[in-house]
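Student: I'm new to this one, so please pick a single part and take me through it slowly. I'd like to know what sits inside and what touches what.

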Amino acid sequence: MPENQCLIVGCGYLGTRVADQWRERGFQVFTTTRSASRAEELKRKGFQPIVLDIAESIRAGSLPQVRFVLFAVGFDRSALHSQKQVYVEGLKNVLAALPGAPERFIYVSSTGVYGQSDNSWVDEQSPTEPTREGGRCCLEAERLLMEHPMGKCSLILRMAGIYGPDRLPFLQKMRDGQPLPVATDGYLNLIHVEDAARIVDACTAEAMPVETQSPQLLVVSDGHPVIRRTYYDYVARLIGVTARYDPPDGDAPRTRRAMGSKRVCNHLMRDKLRVRLRFPRFEQGLKAILTDGETQADS
């Protein structure tokens, strides 16, 4: 097994930061992308881009033998693929195309696999009854990985909402004085992108042994859920405006997402990985983003 090679499938907001960390550790980092222009950008950064679409069959020999694999694919609505094609068929295609099992296969899932709306705490043992398509597809992909031979070297990370520089929802709306189409009650569960990347990297540490059974499962969050209104009011104070709200009605997908409310427990993650979070509370993360002069945009 190549000791200094790794592969990132989905080198986007999270994947790029993991790629930077792995390169700094001396790894040769292969990355997949659907775009030739993005491939050139990744190449300039010192990575080894592979141009392919995981939602389609992957030609034999396209993927290298590597020590670590990170599967962190986001859903791009402009790509004309369904979420199932990306999350489930895409994972299936990557597993089939790998020339051999890596030391560790890290799959980034989502806390969207939980459908609880009663403000209850959830962890790795909680029932998974997702209410949205993305959560259902993530759960199906998890089960695919659990049943695959590479499941024995895999780790599933159910990520809470990732935020960070250039990824703060509705920021421009707030600056423009527009009302926010969000429910004001219910909890948000968050993880700063820097901490998320450090958690992924910790999954490759020698102190993190590979289990011999099905994939290990960890829920990833900062462990401090926040009421939506509290979060958006705090953002508003940092940028010097007053938040206005126009909560959604009906049964639209956005409404179902807005009305979901659970609190994500990160105790097992902290016990297993021993990662000290840089931003254990949303206030610390938002201050670092919004008071250090970094440019922001809506996500």
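Tutor: Let's start with a word we'll need: buried means under 20% relative accessible area, while exposed is over 50% and partly exposed lies in between (1.4 Å probe, protein chains only). Helices (H or I, at least four residues) and strands (E, at least two) are DSSP runs, numbered from the N terminus. You're looking at a predicted model, where local features need pLDDT of at least 70, side-chain atom pairs count only at pLDDT 80 or more, and totals for chains, interfaces and linings use all residues. Residues are numbered from 1 along each chain as its sequence is written, and side-chain values use heavy atoms, with hydrogens and water left out. As for pLDDT, that's the predictor's confidence in each residue, from 0 to 100; here the protein averages 90, and 91% of the residues score at least 70.

Now for helix 6, which is mostly covered, with 8 of its 10 residues buried. Those buried residues are Val193, Asp195, Ala196, Ala197, Ile199, Val200, Asp201 and Ala202.

Which residues do the touching? From helix 1 come Tyr13, Leu14, Arg17, Val18, Gln21 and Trp22, and they meet Val193, Ala196, Ala197, Arg198, Val200 and Asp201 of helix 6; contact means heavy atoms within 4.5 Å. Sorted by type, the residues of this contact come to 8 nonpolar, 1 polar and 3 charged. Ala, Val, Leu, Ile, Met, Phe, Trp, Tyr, Cys and Pro count as nonpolar, Asp, Glu, Lys and Arg as charged, and the others, Gly among them, as polar.

Compare another pair, helix 7 and helix 10, whose axes come within 11 Å and cross at roughly 30°. Helix 7 and helix 10 are therefore roughly parallel to each other, and their crossing is right-handed.

Technical notes
Axes are lines fitted to C-alpha atoms, for helices over the stretch in contact, and angles run from 0 to 180 degrees between N-to-C directions. Angles under 35 degrees count as roughly parallel, over 145 as roughly antiparallel, 65 to 115 as roughly perpendicular and the rest as oblique. A crossing is left-handed if the near helix is turned anticlockwise from the far one by less than a right angle, and right-handed if clockwise.
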